[in-house]
Amino acid sequence: MSAREFNFDGLVGPSHNYAGLSFGNVASFNNVKSASNPKLAALQGLAKMRALAARGFGQAVMPPQVRPNFRLLRSVGFTGTDAEVLARAAKEAPVILASAYSASPMWTANAATVSPSADSLDGRTHFTAANLNNKLHRAFEHTQSARSLRAIFADRKHFAVHDALPGTPAFGDEGAANHTRFARDHGSAGVELFVYGRTEFDAAAPAPKRFPARQTLEASQAVARLHGLSPERTVYVQQNPDVIDQGVFHNDVIAVGNGNVLFYHEQAFANEADAIERLRRAVGEVGGQFNPIRVATAQVAVADTVASYLFNSQLLTKEGGKMALVVPQECQENAAVARYLEGLLAENGAIDELITFDLRQSMRNGGGPACLRLRVALTDAEAAAMHQGVVMTEALYHTLVAWVEKHYRDSLSPDDLADPQLAIEVRTALEDLSRILDLPDLYDLS
Ligand code: SUG
């Protein structure tokens, strides 16, 4: 059956800020406590969505989440009116306040893992909200992620949205950031690749020493079971623990796949030769000719990969079958990466075009083009069954730009999070947004 890939980009929320909350994520740590510009961040994200939609790629928007998370603040003992809760948290626990205010749901690659209907036993598209339990500021996202997905993909004939896995270290799950899919085209049965950082129930298995491995093998296997994937078309590969220790906190910082192409760094996996061989065999089984595009350390060092986010790119199939690589502008600013990309295009292989975006506001928190989007391959019937109000059009783009201009601040520093007015602004903005997107039950604003 023919299908089309929709990229659901996270709309950056009005409280986007730099709080240094993600240990192991170099950019998040380097920019801690600098002032952010939520308005610019949202406009940068919208410009990317608009440009890709205008090119004919399936594009939709995933709404931001309610901030601050008063439930989190109250659950850890801050009481009183909302203003009192904020004042006490700002004074006694500013890191917890920043966690409750984080706009991190903008990185929708971490919202869920998605398996298209062509891969699942019951012929439905399956979503499992990611528990993101490795980080306080992300561990509560899954409730709204599941709610948003259920609002958009409400038709149970076509879609199944699973709640997050148990929020315990054994089931650490970071969603689609550690998952990719290979198939002849978006509508045919594919091979699903799950990349994990560590194994909970095997003490002898290698694991990083410095930074956390956020995804476990056990979580990946649980998601595959929930989605009814065929074991023959499911491949589990361990991420190289050494690169996690160099700041590669998700696999999508060092590899990206689409169609029959895997664009990856030679150090991405714990056992490269084994991973490539298993993928070649599995992709061959579904009628594809696996095409690994390997970047050697001599061409681009891991540090340049992390600084430029070369692999946190989107690989988009164009009409005719060639692919465009969507990269952040940091790739042009890094000499080794720019040189590599020039050579890649000159080869005239599977990737024949670069599309570059300024996503600096997101990049400063470690979120590139691929972090900002969740891929959902849909048949025509499924695309018609999803909520249409989130599909990016010129009209929606202009409406959302006006909404951002109206509600967002152009500067937010850590001290601003104590301002009770900010909480009111965010709430007003989201009430307005649920009307714009025609999703009246999107939020629980009680
Ligand atoms: O989880 N940064 C996010 C970045 C997520 C990137 N996503 C993918 N690679 N798919 C994270 O580390 C930083 C927030 C702060 O420090 O304020 C943050 O959460």
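In the predicted model, the side chains of Arg150 and Asp163 are joined by a salt bridge, with an N to O distance of 3.0 Å. Arg150 belongs to helix α6, whereas Asp163 lies in the loop between β5 and β6 (179–182), so the pair ties together parts that are 13 residues apart in sequence. The arginine of this pair, Arg150, is partly exposed, its relative accessible area being 36%.

Helix α6, which spans residues 141–152, lies across β3, β4 and β5 and runs at about 170 degrees to β5. These three strands form an open sheet in the order β3-β4-β5, with mixed pairing. The edge positions are taken by β3 (112–115) and β5 (159–162), each of which pairs on one side only, and neighbouring strands of the sheet are turned against each other by 15 degrees on average, direction ignored. Between β3 and β4 (residues 125–129) the pairing is antiparallel and extends over four bridges; Ala112 has Ala129 of β4 as its bridge partner.

Salt bridges number 28 in the model. One of them connects Arg71 with Asp444, the closest N and O atoms being 3.2 Å apart. Because Arg71 is located in helix α3 (residues 70–75) and Asp444 in the segment after α16 (420–436), this pair ties together parts that are 373 residues apart in sequence. Arg71 is exposed, with a relative accessible area of 55%, while Asp444 is partly exposed at 34%.

A further salt bridge is formed by the side chains of Asp352 and Lys318, at 2.7 Å from N to O. Here, too, distant parts of the chain are linked, with Asp352 in strand β14 (residues 351–357) and Lys318 in the loop between β12 (314–317) and β13 (323–328), 34 residues apart. Asp352 is partly exposed, with a relative accessible area of 30%, whereas Lys318 is buried at 17%. Through salt bridges that share partners, Arg55, Lys318, Asp352 and Glu353 are joined into one network.

Ser99, in helix α5 (residues 94–101), is buried, with a relative accessibility of 4%. When its neighbours within four places in sequence are left aside, Ser99 is in contact with Leu21, Leu72, Leu136 and His137.

The count of disulfides is zero. For Cys331, the closest cysteine sulfur is that of Cys371, and because the two sulfurs are 12 Å apart, they are too far from each other for a bond. Cys331 is buried, with a relative accessible area of 0%, and Cys371 is likewise buried, at 4%.

Notes. Residues numbered from 1 in each chain as written. Predicted model: local features only at pLDDT ≥ 70, side-chain atom pairs only at ≥ 80, totals over all residues. Heavy atoms only, no water. Disulfide = S-S within 2.5 Å. Buried < 20%, exposed > 50% of the residue type's maximum accessible area, 1.4 Å probe, protein only. Pairing = 2+ DSSP bridges. Helix = DSSP H or I, 4+ residues; strand = E, 2+ residues; numbered from the N terminus. Axes fitted to C-alpha atoms, helices over the stretch in contact; angles between N-to-C directions. Contact = heavy atoms within 4.5 Å. Salt bridge = Lys/Arg side-chain N within 4 Å of Asp/Glu carboxyl O.
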